[in-house]
Amino acid sequence: MAQLTGAQPAAGLRIRPGLLKRIDVPQVVVFMAAASMILIVILLLAFIARQGIQLFVADHVPFTQIFSPTWQPDPGSGPTSFGILPFIAGTLFVTGGALLISTPLSVGLALFLSEIAPKWARSIVQPALEIFVGIPSVVWGWLGITILVPFLSGTFGHKIVVSLPILGQVFSMPGFLTGFSWLAGSLVLSIMILPTITSVAYDSFRAVPQELRTGSLALGTTRWQTIRHLLLPSAMSGVLTAVVLGMTRAAGEALAVQMVIGNSPSMPAAITQPVTTLTSQITLDMGNTVFGEPWQDALWTMSLVLLVISVASVVMVRMLNKRRMGS
Amino acid sequence: MTSTTGRTLAGAGTPAPKPSLRRRSSRGSILADKAATVVLWGTGAFVLLLLGAIILHFALAAWGVVSPSFLFSDPSDSSLGGILPILWNSIYMLVLTMLIAVPIGILGGIYMSEYARDTGPLGYVTAAIRFAEESISSVPSIVVGLFGLILFVDTWHWGFSALGGALALTLFNLPLMTRLAEQALRAVPAGERSASLALGATKWQTIRHVVVPLAIPGLVTGVILTAGRVFGEAAVLLFTSGIGTPAHYNFGNFSLTDPSSPWSPFRSATTMSVYIYKLQSEGLGAYVNQIVDGCAAILISMVLIFNLGARLVGRVLTRRMTAA
């Protein structure tokens, strides 16, 4: 027995260098560095989900209540109601507005860069876009506050009425008043997502084989006809990917939107009126609430919604890419 | 034959293609082509004009605000004051974040470029890493900040700290750093690897002494681009490194643990972007607009410097290395 225990360490010593040699240490280290991102995603999902369900688990708020349009989180001013529908609607509408403005502009810009621009123009516009990407969101928000918002309230501050000679009044909308509005948010976002949509759409236009272009032009079509009937249809899934990525960025943007949107927690009424979004309400309220109270738990539920939206968009982009590879 | 071409090109369903009509339709399509060309050139001009206007706007706004005394004195309630502690925090957070993010990002990039397999059982791991990479990139920055709040501030009881902010920034920017490093390493020609392996070098020796040195221009560009994003980020830091106005910093206090030392990572650290957000949301003080304009101008200049720097450094390094 004593002899055996004496022999064991020696055997162990002899095995250990062999084991070390068999384990490729650098490979393990670089693998751990790369795999840390899996760990981050799991932790992120776990922590946000755990906090996000507290509203239902700890505070016993019925799940259906979050779909109510009434946001009254302060127990000091009457019975509470944690309807986050205004925020979801606000996020959807503001993002939708940004996409409506930005998509034609960005796709046009991508077409310009890939089909029309001579080399010198491309070598100016592309670095300019990279600088757009780098401009921090608070700076966009500040530009919105100091330039866009005063412009909107100064120019369209009063009731907007469109009248025709015989038909009379055909359209009317309340004016901007302060300028902090749905439209201001959409405009700021549309510039912020412009580089995202442009660069992804540009890549998908470049991926269309050159032979298709020359073939089409040889049939006597003009450049615009080639773009319209050949390039856009062939690059459609790439353009859709670009739009989804732009949408993800717009829906997740917090500070710039919060600064110009007016933050009124009611359902969006008109593009001239203040609205609010998931991100801006979280930004505003998180610092003013106490950990564990239902008000803050509702904010965590909203961030869980944001997280679900972003993961869903990753899945959507992957499906679009698969379709592109398949066809 | 001619009629069908004429119809599809003009997009109009005229049944009897008279010669005159056909000529008009082709003139129409040429006109449409001209119009489209003008419009598409317009989009390019729009971007350039907008960028020029923004830079000009901040150059004018910062005129008379940004000066050595603005950069190097403490904030003040009664006068314009300065932003020294905030500027210091921005640089401090940048360095701290890059110290954590760059090694992990480059090592991860080495795995993805040199070791990762797309097939076999390890292929699933590679796919999972790529999915994680894309997911983190698409998570809103405010949610990453909230994750930092719950993990570092609440669960680990660090309070608002520079270290918590830097870790949150790291995990937010790790996908970008990893992807840029992977691209830089993949751009190294396969022949270089084969030659090194044929000389009897191990895989790691090849990576360490052949692949990584050749990829340095791309790696440096990647580091600078990531740094640019880290420098301007605010939403991640609101709830992790804090949003107060720092008082006077005593730079002679080199303690790494004393919460009042500017060198300590265990203190709250308001950066310039967060400061902009704070000032505009409170709107207090007579000089708020000037201070915010000054900070924004500095941020824009840094964006320009980071972008041009990444290009320049990449180009210079490539030239020097290919010439040597």
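Reader: Which element gives the largest share of the lining of the second largest pocket, and how should I read such a lining?

Author: The largest share, six residues, comes from α6(A). A pocket here is an open set of points on a 1 Å grid over the protein atoms alone, where a 1.4 Å probe fits, with protein on both sides within 12 Å along at least five of seven lines, and lining residues have an atom within 4 Å of a point. Helices are DSSP runs (H or I, at least four residues), numbered from the N terminus. Please keep in mind that this is a predicted model, in which local features need pLDDT of at least 70 and side-chain atom pairs pLDDT 80 or more, while totals for chains, interfaces and linings use all residues. Residues are numbered from 1 along each chain as its sequence is written, chains are lettered from A and ligands numbered from 1 in the order in which they are written, and side-chain values use heavy atoms, without hydrogens and water.

Reader: How much space lies in the second largest pocket, and which residues are the closest to its centre?

Author: The second largest pocket holds about 430 Å³ of space, a volume being the space filled by probe spheres set on the grid points, which are joined across faces, edges and corners. Its lining has 19 residues, and W140(A), L148(A) and I191(A), together with L50(B) and I54(B), are the closest to the centre. Two or more lining residues come from each of α4 (85-116), α6 (137-156) and α7 (182-206) of chain A, and from α2 (19-62) of chain B.

Reader: How many residues of chain B are in contact with chain A, and how many salt bridges are counted between them?

Author: With contact meaning heavy atoms within 4.5 Å, 73 residues of chain B touch 77 residues of chain A. The area buried between the two chains is about 6600 Å², with 82% from carbon and sulfur atoms; this is the accessible area (1.4 Å probe) lost on putting the parts together, summed over both. Two salt bridges are counted between chain B and chain A, each a side-chain nitrogen of Lys or Arg within 4 Å of a carboxyl oxygen of Asp or Glu. E134(B) forms a salt bridge with R318(A), with the closest N and O atoms 3.1 Å apart. On the side of chain B that touches chain A, the largest share, 18 residues, comes from α2(B), and by class that side has 51 nonpolar, 15 polar and seven charged residues.

Methods
Nonpolar A, V, L, I, M, F, W, Y, C, P; charged D, E, K, R; others polar.
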